[in-house]
Amino acid sequence: MQEAEPAGTPVRVDTPDAADLRQALLWMCQGVGIAALLVAVLDIALAPPGQSEAAVAGLMAAVAWACWFGLRRRLLSPVLVATLVMLGTLVTATFSVIAYGSVRTAVNFLFVGAVVGAGIFLGRRALLAMLVGTLVLLAVLIAIESGPGFGGAPPDFSVGLRVWFTQAVALTAVGLMVMHIQAVNQRALIRLRQELERRRHTEQERDRNLTRFARIFRSSPSPMIAQSARNGAILDVNLAFERCYGYHRNQVLGREDTFLWADPIERERYVERLTRERHLEHHRCRGRRADGSTFEALISSETGSDEEDLLIISTVTDVTSREELLERLRRSEARFATAFNFAPLNLTITRLSDGTFLEVNRAEDRAQGLKPEELKGRTSVESGSWLSPDDRQRFVAQLQRDGRVDAYETRMRHKDGSLVDARLWAEVIDIDGEPCILASTMNISEEKRREALLLEVAKGVAAETGEAFFSALAQHLSGAINAGLVMVAEVREGSALDTLAVWRDGRLSRNFGFSVIGTPCADTLGGDGLMTCTVGLAERYPGAPQLRAQGYQAYMGQALRDADGQTIGLLMAMWREPLTVKADTQALLSIFAARAQAELLRLRREREIVQLNETLEQRVRERTAELQKLNAELDAFAYSVSHDLKSPLRAIDGFTQLLKEQLESQADDETRMLLDRVLSSSQRMGGIINDLLGLARVSQGVLKRSEVDISALARSVLDQELARHPQRPVHIHLQPGLMAHVDPDLARIVLENLLGNALKYSRQRETAEITLGLDGDDDQGAPRFFLRDNGTGFDMAYVDQLFKPFKRLHRANEFEGTGIGLATVRRIIDRHGGHIAAEGDPGVGATFRFSFGVPPLE
């Protein structure tokens, strides 16, 4: 795109372009040269003797062709050629007048042609000069012709072909020049129109650019200032300027920007440099806000190119926050560099893409033994940090997926060629836009070795119990400390030991007994703590020839003691080569010794318990037999007493009843009352005797268990009880299908007592509610039942008295009974191996839960 010309620039349309002028002059020179030659030839042929003007025409032709050649070769400028042609034309016309003898010659049109050509090709000044010169020259020629004349033959005013041709050539030349100027003017008009249209588009584009600039200026997030370059006055500011500096737009318009600078001298230097360079970017300075505070800023300014209206557009960036951020970043980088270089752990930074080491800190590389200069520039695969590219790729894949990797275990190659176990911590970081890996490496070979030892310890001390434990312990201890012999022994009476386990040369050996006299075992048992002999074992104990025979040179052993400090055993190990005692070896032997000591103590206690159990079982059998005999005698006594009491009691009851009948009419009220009391007491005594007989019966005989339908049995008992009180309202809820493996006769006694009590203690209710159902299984897996009523209930504080004989929780005048029923129920349940429990709430009711146990296996 062409640059738009400033408004008001004049457009010249009175002169042709240089290319048009040069082309027109070439045509004119060719035309004038050809016409002059033709005139010269015709003049030679037709002119009367003595009146030929061929020389003048030839001169004109020579000038024309010389100008054409010079212009063609670019030896002469178009203006010079036009001037020479016009002067040549004028000179030719003058010589023609002189030669002809009169200004009325046929070639006087050449004066017109010279003036017209000057106007066409040389502009206004040349036209005026040529016109004035031509007029003066004609005046001189006319004056000469009017006076003395030109001194030649008188002019011949006759006309003919020669005159016509001469004038035709002159007119043709003038016409061609007129046609040329018309074409030039037409092209100039077209160019003018194009220029006007271009300027209109340029002005429109300028207006649009001004609108865009104004919009950008006002909405820019950075403060912007428009100033006059002539006096520095502020012409406009944007909204960001107002927010940054705290000034309103009206407060700064027309003022110089000196008050915006914290340092006026710095402003003067900036203005001088801007005047010199016209464009400055990111000049650091300090600005001043309306409240007087200063801030770090970067200012960029540019001076416009319009000389009539010089503008300075400046952009200000508040970099206070950025400077603080950069300062924090620099401090953070310094801290990171310090922490990186002086960290005690090995730290590296590698490229994520190819694993090239970029930075390595000063810490000792305990994994590979390489120095920083041996790693930088090499890839992690080349240096042996990864054994293969696939290993690194798996690590990178996990790192890219999770963003970081913690405790990643791998194997590396040491610079001596050995393989070491290593653990990595790594995280992806960005350095100059490129993802990198910050990693820390730790050599865990020793840790792995310790883990293997601890695993052996765990296997050894967590083996099975009993005598098999000692075999496993000896095996694992031998593998952990690389001993040729490991032995666990128990102290016998005197100075002898019995081995519990012997692991020799990678296999378990037969146990044996031996005397410790003259052996290192004697010193171990007599000493305290760990006894060690690292070399020369056979020489130190010559009384033990088996040591030399089997080639043992080193020994370690520890005595096993009980809580009282008495020696109970020994753990020892021997080697066939000199021993370098390590802390790990001592620790392992102590750990295994402590575990062996605990197991040996447990084994001894177990032996004692077995022995006690054997004697205890015998005593229990004897005591059980005695108790069974006593219980049988007691039951027989109770049965006998109850049976023997029934005959006298029946006699008392019978005679009293007879006496009452005989004295019915003679006895007074007190006598009748006494007789009734005797009858009532004898009947109550009879009930107690019957209950005692029932209680005695349930403890005798053999249980005959069978599958009994408890639901049907309960229905039978209830029908029997309700038949005594047919009008009583009772709601019975019996769960069908309740089954139990019990003695059916004893089960009926249980239900008679429980259901009888439920009916008895709920008779004060308008409607009695009795429910029998299944309540899951007891601890033995037998079905457990529950019986619930809404009777008077009882206080749970006295629940332990509920199943004892003759213990009652209610007065006899409230509810009849002997206190034997629930005791009978408890005895039947106990005989079946079951369980019964009760819950009560006074005024609400009671619930009994009972089971008959599981029958013993036959």
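**Cores, sheets and packed helices in a predicted model**

Leaving aside its neighbours within four places in sequence, F850 is in contact (heavy atoms within 4.5 Å) with L751, L754, L772, P783, R784, F785, I829, H835 and I836. The model is predicted: local features need pLDDT of at least 70, side-chain atom pairs count only at pLDDT 80 or more, and totals for chains, interfaces and linings use all residues. Residues are numbered from 1 along each chain as its sequence is written, and side-chain values use heavy atoms, with hydrogens and water left out.

F850 also belongs to the largest nonpolar core, which holds 37 residues. Such a core is a set of buried Ala, Val, Leu, Ile, Met, Phe, Trp, Tyr and Cys residues joined through side-chain atoms within 4.5 Å. Buried means under 20% relative accessible area, exposed over 50%, and partly exposed in between, with a 1.4 Å probe and protein chains only. I710, F848, F850 and F852 touch the most other members of this core. Its largest share, 8 residues, comes from helix 21. In soluble globular proteins, nonpolar side chains tend to be buried together.

Helix 21 (residues 744-761) also packs against helix 22 (residues 821-831): their axes come within 9 Å and cross at roughly 145°. Helices (H or I, at least four residues) and strands (E, at least two) are DSSP runs, numbered from the N terminus. Axes are lines fitted to C-alpha atoms, for helices over the stretch in contact, and angles run from 0 to 180 degrees between N-to-C directions. The crossing of helix 21 and helix 22 is left-handed, that is, the near helix is turned anticlockwise from the far one by less than a right angle. On the helix 21 side, the contact involves L746, I749, V750, N753, L754 and N757. Helix 22 contributes G821, L822, T824, V825 and I828. The residues of this contact divide into 7 nonpolar, 4 polar and no charged. Here Ala, Val, Leu, Ile, Met, Phe, Trp, Tyr, Cys and Pro count as nonpolar, Asp, Glu, Lys and Arg as charged, and the others, Gly among them, as polar.

Strand 21 (residues 768-777) runs parallel to strand 19 (residues 730-734), joined by 5 bridges. Two strands pair if DSSP finds at least two bridges between them. V730 stands opposite A768 in strand 21. Strand 21 also pairs with strand 22 (residues 783-789), in the antiparallel sense, over 6 bridges. T771 has R788 in strand 22 as its bridge partner. Strand 21 and strand 22 form a hairpin with 5 residues between them. In the turn, G781 has a positive phi of about 90°.

An open antiparallel sheet of 5 strands has the order 2-1-5-4-3. Strand 2 (234-237) and strand 3 (279-288) stand at its edges, each with a single partner strand, so one side of each is left without a neighbour in the sheet. Neighbouring strands of this sheet are turned by 25° against each other on average, direction ignored. Strand 4 (residues 294-303) and strand 5 (residues 311-318) run antiparallel, joined by 7 bridges. I299 stands opposite V316 in strand 5. Helix 10 (residues 320-342) packs on the sheet and touches strand 3, strand 4 and strand 5. Its direction makes about 115° with that of strand 4. Helix 9 (residues 264-277) lies across strand 3, strand 4 and strand 5, at about 165° to strand 3.

A further open antiparallel sheet of 5 strands has the order 7-6-10-9-8. Strand 7 (357-360) and strand 8 (404-413) are the edge strands, each pairing on one side only. The twist averages 30° from one strand to the next. Strand 6 (residues 346-351) pairs with strand 7 in the antiparallel sense over 3 bridges. I349 has E359 in strand 7 as its bridge partner. Helix 10 packs on this sheet too, touching strand 6, strand 7 and strand 10 (434-443). Helix 12 (residues 389-402) lies across strand 6, strand 8, strand 9 (419-431) and strand 10, running at about 175° to strand 8.

A407 lies in strand 8. A407 is not a glycine, yet has a positive phi of about 55°. At 37% relative accessibility, A407 counts as partly exposed. D432 lies in the loop between strand 9 and strand 10. D432 has a positive phi of about 55°, although not a glycine, and counts as exposed at 81% relative accessibility.
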